[in-house]
Amino acid sequence: MRRAGRFAEAMNLYSAALDKDPNSPARTAREMLEAQFAFFCKDIYNP
């Protein structure tokens, strides 16, 4: 889902996977996606 650009759906699937198995690789994938959402480059937004 993430590669297709459907980030919200990917987050939901990662959450569902974590509900079933808290130690699944979905934890790392979700953390990476959250880091992408949190990224902010002030050079781009403040010319």
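Reader: Is S24 buried or exposed, and how should I read such a label?

Author: Buried means under 20% relative accessible area, exposed means over 50%, and partly exposed lies in between, with a 1.4 Å probe and protein chains only. S24 has a relative accessible area of 12%, so this residue is buried. The model is predicted, so local features need pLDDT of at least 70 and side-chain atom pairs count only at pLDDT 80 or more, whereas totals for chains, interfaces and linings use all residues. Residues are numbered from 1 along each chain as its sequence is written, and side-chain values use heavy atoms, with hydrogens and water left out.

Reader: Where is the place of S24, and which residues does S24 touch?

Author: Helices are DSSP runs (H or I, at least four residues), numbered from the N terminus. S24 sits in the loop between helix 1 (7-20) and helix 2 (26-38). Contact means heavy atoms within 4.5 Å, and S24 touches A17 and L18, leaving aside residues up to four places away in sequence.

Reader: Which aromatic pair does the structure hold, and how is a pair described?

Author: A pair of aromatic rings is described by the distance of the centres and the angle of the planes. Rings of Phe, Tyr and Trp (its six-membered ring) pair if their centres lie within 6.5 Å, and planes under 30 degrees apart count as stacked, over 60 as edge-to-face and the rest as tilted. The structure holds 1 aromatic pair: F7 and F37 are edge-to-face, at 6.0 Å centre to centre with 85° between the planes. F7 belongs to helix 1 and F37 to helix 2, so the pair ties together parts 30 residues apart in sequence.

Technical notes
Helix = DSSP H or I, 4+ residues; strand = E, 2+ residues; numbered from the N terminus.
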